[in-house]
Amino acid sequence: MKIAIPMDDKTMEGDVCISFGRAPYFLFYDIETKDVVFIENSAATSQGGAGIKAAQMVVDNQVDALLTPRCGENAAEVLNAANVKIYKTSSASVQDNIAAFEEGTLPLLDEIHAGFHGHGGK
Amino acid sequence: MRIAVLSGKGGTGKTLVSVNLAAAAKKAVYIDCDVEEPNGHLFFKPEMIESEEVSIKIPYVDENLCTGCRTCVDFCKYNALAYIANKLHVFEEVCHSCGGCVLLCPENALSEKNKSIGIVQKGVSEDVKVLTGILNPGEASGIPIIKKLLDDMEDMKEDNSLTFIDCPPGSACIVMESIKDADYCIMVAEPSLFGAHNLSMVYELIQLFKKPHGVVLNKCLTGENPSETFCNENGIKILATIPYTSELGTLNSNALIAVRVQETYRDLFSSLLQTLRKEMRHETALDS
């Protein structure tokens, strides 16, 4: 099983990023093999629709679950269409969240925010 | 001549100034570009209303032709498209209607469909032609409606008649669109520090567009007026001063046009109109 986490830094000691779409990096972690891969989030500098592009990247990396503090509605639509489950992180520590996920104590993210789109103008 | 009326925040008196100027000019065109909450029509109560729908183009996919090549997904810089589980998803509210995805699709799987985002209403109130843009709630941008209003304005203009453009508040893209074809800009400002700050924001915008301009100080009381100080410090022409009176407030709350019901205000706005004509003649003379 593979999971994705938005990250502030590309290290396992780094913090979970408070933003999903505009996180600088994504951690892709394989629960079985313990494989760790950090990928730069090319959506972070998008003019708009960062959540959509970031979600596309998460989906393209064939993950089963996303662990994130927050998620916008467009990103959630992409993730749901690909059957990626969205869990809510409980602290800034990556390790703690992975441990909680493996124990099955991490809750599903039930609050999807309406996003900040439409403010960029045309 | 096209005169745009703008301010850095809502509630300073853009509608009061533009509605009353159009009414004082008698034969005029009034255009409400504040498409998110147009209210000029509440004062004019226009008759013989004609409505026209405004729509934008949104891509539409023929799933039988789409091969999932993602040319469109990679092209869209607003990320309005995603390709998930062998299916193209279009995020309509993120789309900026550029049409690029349709042009680039190698399979011709994308075409455009119309999406209605609001209406433009035209009517008359005495000798004033009233144009109102109304954006549907929840739509991301009113700019296509403003473009339609300004296109229609070109068709309606008559010799020597004045057009007043009631702008949305602020200094964002939607305001730039509203003032870009204006010959003159009136900034309306409140007598407070906050008012002066908002004035400085629109002043910056107007300078960027190199528009001839002046200020109307609204809601004036005795005592210090930071907006007036700002005008004096920057050498901005003060076109008129409107007092803060309960009489004007009452007229406004009853959706009455002060110029049409009270001589005091008829005089005030006629005099503002004269100042404005003089200013604009001066600007035209400078240009030639």
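How much space lies in the largest cavity? About 150 Å³ of space lies in the largest cavity of this predicted model. The model is a prediction in which local features need pLDDT of at least 70 and side-chain atom pairs count only at pLDDT 80 or more, while totals for chains, interfaces and linings use all residues. Residues are numbered from 1 along each chain as its sequence is written, chains are lettered from A and ligands numbered from 1 in the order in which they are written, and side-chain values use heavy atoms, with hydrogens and water left out.

**Cavities and a pocket**

A cavity here is a set of points, on a 1 Å grid over the protein atoms alone, where a 1.4 Å probe fits but cannot get out, whereas a pocket is an open set with protein on both sides within 12 Å along at least five of seven lines; lining residues have an atom within 4 Å of a point. Grid points are joined across faces, edges and corners, and a volume is the space filled by probe spheres set on the points. By this rule there are three cavities of 30 Å³ or more.

The largest cavity is lined by 17 residues, and those closest to its centre are B:C76, B:C95, B:C98, B:G99 and B:C101. At least two lining residues come from each of β3 (47-61) and α4 (100-104) of chain B, and β3(B) gives the most, with three residues; helices (H or I, at least four residues) and strands (E, at least two) are DSSP runs numbered from the N terminus.

In the second largest cavity, 15 residues form the lining, and B:C66, B:G68, B:C69, B:C72 and B:C105 are the closest to its centre. The second largest pocket has 21 lining residues, of which B:G11, B:T12, B:G13, B:K219 and B:N252 lie nearest its centre. Two or more residues of that pocket lining come from each of α1 (14-25), β10 (213-220) and α9 (246-253) of chain B, with α9(B) giving the largest share, four residues.

The table sets out volumes and lining classes, where Ala, Val, Leu, Ile, Met, Phe, Trp, Tyr, Cys and Pro count as nonpolar, Asp, Glu, Lys and Arg as charged, and the others, Gly among them, as polar.

| Space | Volume | Lining residues by class |
|---|---|---|
| Largest cavity | about 150 Å³ | 12 nonpolar, three polar, two charged |
| Second largest cavity | about 100 Å³ | 10 nonpolar, three polar, two charged |
| Second largest pocket | about 420 Å³ | six nonpolar, 11 polar, four charged |

**Where the chains meet**

Between the two chains, 20 residues of chain A are in contact (heavy atoms within 4.5 Å) with 22 residues of chain B. The buried area, which is the accessible area (1.4 Å probe) that two parts lose on being put together, summed over both, is about 1,700 Å² between chain A and chain B, and carbon and sulfur atoms give 57% of it.

One salt bridge (a side-chain nitrogen of Lys or Arg within 4 Å of a carboxyl oxygen of Asp or Glu) is counted between chain A and chain B. A:D60 forms a salt bridge with B:R70, with the closest N and O atoms 2.6 Å apart. On the side of chain A that touches chain B, α1 (50-60) and α2 (73-81) of chain A each supply at least two residues, and α1(A) gives the most, with six residues. That side of chain A divides into six nonpolar, 10 polar and four charged residues.

**Salt bridges over the structure**

Over all chains, the structure holds 16 salt bridges. B:E52 forms a salt bridge with B:K148, the closest N and O atoms being 2.9 Å apart. This pair links distant parts of the chain, with B:E52 in strand β3 of chain B and B:K148 in helix α5 (residues 143-156) of chain B, 96 residues apart.
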